[in-house]
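Take the two chains one at a time, then look at how they meet. The walk below goes from overall shape to single residues.

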Amino acid sequence: MQSLLDLLQYLLDGRFLALLGASFAVIFAGIGSAKAVGMVGEVVAGVVTEEPDKFGKAILLQALPGTQGIYGLIIAFLILFRIGLITGDLKELTTVQGLLFFAASLPIAIVGYKSAIAQGKTAAAGVGIVAKRPNEQAKAVTMAAMVETYAVLALLASVIMVFRISV
Amino acid sequence: MAIVKMYKVSIIALEQDKPEILQALMNIGVMDITDMSDKAMSEEWAGILNVENPEDRLSKLEEYIEKTKTALSYLSLYDNSKKTLFETKRKIDENTYREIIENQEKLWAVVEEINRMDEKLKELKSEENRNENLINSLIPWSSAEIPLDLTNTRNTTVMYGVIPASEDINRIISDIERDIQECWINIINSDKEQTYLQIITHNSRLEELNNYLRQNGFNKVNFDLKGTVKENIEKFTDNIKKINEEREKLKDKIIKYLDKKNELEVLYDHLNIQHDKIGMVRRLVKTNKVFMLEGWIPSHSVNAFKDYFSKINAECALEIREPEKDEEYPVLLENNRFVQPFEVVTELYSMPKTSEFDPNPYLAPFFFMFFGLMLGDAGYGIMLSLVTAFIIYKYKPEGTMGKMMRLMFWCGISTTFWGAMFGGWFGDIVDKVTSGRVKINPIWFNPMDDPMKLLVWSFIFGGVHLYTAMGLNAYKLIREGKILDAIYDVGFWYVLLTGLVLLLAGGTAAVVGKYMTIIGAVLLVLTQGRNEKNIIKRLGKGILSLYNATSFVSDVLSYSRLLALGLSTGIIASVINTMGTLFGLSIPGIIVLLIVFVIGHGFNILINILGAFVHSSRLQYVEFFGKFYEGGGKAYKPFKINTKYIDIIDRRKM
């Protein structure tokens with residue numbers, strides 16, 4: 001019983017919750033990007049088998065859904081920076097502060113995950129455009145960038161929250 | 001700074017002069033020849049006009065081009081002389097060119113020879129694959145020591161086969177030992193998928209054994225080989241070695257022809273020029289004796305064109321006239337040195353129609369600014385400008401690539417400017433390396449300290465961008481003579497939106513803002529439904545149109561990416577610097593710092609250039625162009641000498 005209470009206390013430790021938030025941001029945005037980049041990569045590989053010249057154009061589309069993973073890292077880094085883990089002296093955080101950091105990580109974790117996959121699908125379809133009409137590449141890129149908007153908005157929400165939580 | 005006016009050229013001449021006239025047009029290289037083949041199909045002209053289709057000659061040429069290309073690709077594969085990223089065209093004078101073309105017979109011998117070797121190399125490759133496959137299939141069996149061709153003796157049968165790993169092999173062996181007895185099973189190998197068995201059995205039990213094995217997923221393997229597995233593997237390995245030797249010999253032979261590479265390049269370009277020229281006749285119409293062609297030339301080359309044409313040795317009727325009203329012609333853009341590289345952004349979207357105006361002068365300053373804001377690091381900006389300046393100076397890339405490089409050069413300057421404003425010099429490297437003793441202060445402010453401030457500024461920049469787009473829409477409407485539409489659809493919106501902004505700003509401005517909002521809204525309600533006849537419908541539509549204010553708000557919010565991407569560059573740069581300085585400034589620490597710095601910032605620059613380019617383009621395409629730009633024009637593509645390797649000097653006498 002006592003150990004269970006201890007465990008609960010650790011779980012409600014502010015620092016743990018803040019780190020959990022940082023991890024969530026990297027984990028979910030990262031998984032989303034990895035899946036999406038992989039998805040586009042498969043299609044790119046198909047096109048490049050037939051037409052190796054199109055590699056440059058197609059690879060650009062593959063890079064696009066990779067940004068969500070980076071956004072996740074940015075939020076994680078900001079959280080780590082705010083709680084003092086980067087500079088070396090980890091600050092004492094209350095449970096509420098920890099939960100706030102955790103909440104701040106959610107936009108990029110969740111939207112990052114889903115938008116990466118959606119963007120991956122759009123980009124994969126865009127590779128088809130590049131394969132058949134290489135001159136229309138900009139349109140394929142723009143379509144994928146439309147999806148990215150929401151990842152950018154989520155990033156922004158997370159950034160502002162992390163910046164503004166007082167520690 | 002606009003779309004270049006084009007003049008329409010029509011030429012009617014004798015069929016026999018066609019090659020000469022086409023050659024002349026190609027040499028001038030300014031005319032975009034219109035495809036008239038549709039006209040010959042039309043009912044009005046059917047039976048009178050027809051189109052020459054020299055398919056045989058073209059496919060013959062294509063075959064030659066393909067062969068030359070194969071030969072060239074081998075030669076450049078084995079060419080060890082230095083290769084550069086951007087190939088510059090070799091200058092070649094016209095006499096040398098002619099000499100090479102006149103002596104092309106001996107070049108063809110080389111081309112044919114290399115193509116024969118290509119066939120041979122392909123055969124060798126498939127032979128190599130066959131041997132490799134055989135080796136791979138034999139490797140699991142390598143511990144079988146009985147020669148493979150020994151499949152039976154007087155009383156016994158030897159067989160090989162595999163059983164899926166999912167079957168329990170011990171059970172099978174004990175089953176066989178119990179039920180069949182006169183049988184010897186040797187497990188040769190086993191891997192994740194299957195178990196490899198060698199079985200020797202007495203002939204009298206063969207049928208029973210086969211039945212049992214079949215039920216347990218046994219798959220017989222037949223080797224059509226003599227000798228033991230090891231011997232065979234050696235033999236095939238030896239074959240591969242021989243194939244490789246053969247290949248080296250062929251390679252040496254091809255290398256002997258390396259000195260012909262330059263001449264082959266000339267031949268390749270020559271064939272392509274011929275192909276272009278012959279292919280062009282498909283756009284012309286003809287009767288039995290005469291042919292006609294039409295096309296467009298830019299106004300500034302009209303005189304030169306007339307001049308050149310008066311000198312050629314052929315009779316022809318030549319007419320040059322201005323375009324009629326509303327007549328679409330190929331679009332060529334002409335802009336000053338700053339704006340010109342930005343044309344690439346519009347080209348990637350769609351060329352303007354002839355009736356539109358060129359959006360590039362308006363797009364350029366915004367693209368320039370937004371790119372810099374999003375990359376936002378002076379160190380990165382300097383790198384970008386230096387690298388692109390070097391490429392432009394050294395390799396002189398042309399066409400889209402050239403424009404792209406110059407675009408990036410300008411964007412680098414903008415990036416440097418914004419980086420200095422925000423205090424980003426490779427992130428905070430100076431701060432980190434000196435442990436905070438030296439700080440480069442931002443000229444304006446550091447967005448990391450006050451992101452909200454930059455967010456507001458992003459919205460303001462966005463608002464200016466959108467107002468410009470609306471203004472351009474008004475300009476477009478006025479050009480089309482719809483002055484009232486411009487006032488209703490743009491002017492009133494200006495009133496309403498400006499009012500709303502002032503309202504948000506607070507203070508005395510808010511009072512003005514309130515009245516402007518009300519006046520703007522009333523005017524919009526009154527005018528937006530003006531196409532409806534019914535008065536109630538008209539007002540209803542007017543009220544509904546106010547809802548468009550939300551789309552303006554969402555457009556403005558879209559510019560938050562200026563902040564988000566700018567911050568992300570800075571934060572990642574800072575992560576890299578933190579990682580780099582983790583080990584302090586001892587000697588190994590500095591080595592780590594250098595490695596992390598180069599790789600980390602290199603990666604960050606690349607990924608963020610991509611991001612900044614994509615998102616600045618998006619802001620132009622969706623938010624900016626969405627307000628006024630249609631596009632859909634056809635780009636001007638003059639019929640000219642298109643070469644890949646050479647530049648022929650003095651082409652007029654060619």
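Start with burial in chain A: of its 167 residues, 50% count as buried. Keep in mind throughout that this is a predicted model.

Chain A is helical. Its secondary structure comes to six helices and zero strands. Read from the N terminus, the elements run α-α-α-α-α-α. The radius of gyration of chain A is 20 Å, while the globule rule gives 15 Å for 167 residues, so chain A is more spread out than a compact globule. The box tells you about the outline. Taken along the principal axes, the C-alpha atoms of chain A fill roughly 65 × 35 × 25 Å. Contacts in chain A reach across the sequence. Among those between residues at least 6 apart, 85% join residues at least 24 apart.

One helix pair in chain A deserves a look. Two packed helices are described by the angle between their axes and the distance between the axes. Find helix 5 (residues 95-132) and helix 6 (residues 137-164) of chain A. Their axes come within 8 Å and cross at roughly 175 degrees. Angles over 145 degrees count as roughly antiparallel. Helix 5 and helix 6 of chain A are therefore roughly antiparallel to each other. What classes of residue make up the contact of helix 5 with helix 6 of chain A? The residues divide into 21 nonpolar, eight polar and two charged.

Now turn to chain B. Chain B has 22 helices and 13 strands. Its radius of gyration is 37 Å, well over the 26 Å that the globule rule gives for 654 residues, so chain B is more spread out than a compact globule. Along the principal axes, the C-alpha atoms of chain B fill a box of roughly 110 × 80 × 70 Å. Buried residues make up 31% of the 654 residues in chain B. Of the contacts in chain B with a separation of 6 or more, 78% come from residues 24 or more positions apart.

The domain assignment divides chain B into domain 1 (149-222) and domain 2 (340-491 + 560-628). Note that domain 2 of chain B is written as two segments.

Look at helix 4 (residues 94-102) and helix 9 (residues 261-280) of chain B. The two axes come within 10 Å and cross at roughly 85 degrees. Angles of 65 to 115 degrees count as roughly perpendicular. Helix 4 and helix 9 of chain B are therefore roughly perpendicular to each other. Helix 4 of chain B brings B:Tyr97, B:Ile100 and B:Ile101 to the contact. Helix 9 of chain B brings B:Glu263, B:Val266, B:Leu267 and B:His270. By class, the contact of helix 4 with helix 9 of chain B has five nonpolar residues, one polar and one charged.

B:Asp168 is found in the loop between strand 5 (156-164) and helix 6 (169-179) of chain B. With 13 C-beta neighbours inside 10 Å, B:Asp168 counts as partly exposed. B:Asp168 and B:Asn216 are 48 residues apart in sequence, yet 9.5 Å apart in space, C-alpha to C-alpha.

B:Phe426 lies in the loop between helix 14 (399-422) and helix 15 (429-433) of chain B. B:Phe426 is not a glycine, but has a positive phi of about 50 degrees. Is B:Phe426 buried or exposed? B:Phe426 counts as buried, with 23 C-beta neighbours inside 10 Å.

B:Ser435 sits in the loop between helix 15 and helix 16 (451-479) of chain B. B:Ser435 has a positive phi of about 50 degrees, although it is not a glycine. B:Ser435 is exposed, with 10 other C-beta atoms within 10 Å.

Finish where the chains meet. Here 22 residues of chain B are in contact with 21 residues of chain A. Helix 11 (343-349), helix 21 (560-580) and helix 22 (587-628) of chain B each supply at least two residues of the side that touches chain A. Which helix of chain B gives the largest share of that side? Helix 21 of chain B does, with ten residues. By class, the side of chain B that touches chain A has 13 nonpolar, seven polar and two charged residues.

Definitions and conventions:
Residues numbered from 1 in each chain as written. Chains lettered and ligands numbered in written order. Predicted model: local features only at pLDDT ≥ 70, side-chain atom pairs only at ≥ 80, totals over all residues. Contact = placed C-beta atoms within 7 Å. Helix = DSSP H or I, 4+ residues; strand = E, 2+ residues; numbered from the N terminus. Nonpolar A, V, L, I, M, F, W, Y, C, P; charged D, E, K, R; others polar. Rg over C-alpha atoms; globule rule 2.2 N^0.38 Å. Buried ≥ 20, exposed ≤ 12 C-beta atoms within 10 Å, placed from the backbone. Domains from an automatic or database assignment. Axes fitted to C-alpha atoms, helices over the stretch in contact; angles between N-to-C directions. Parallel < 35°, antiparallel > 145°, perpendicular 65-115°, else oblique.
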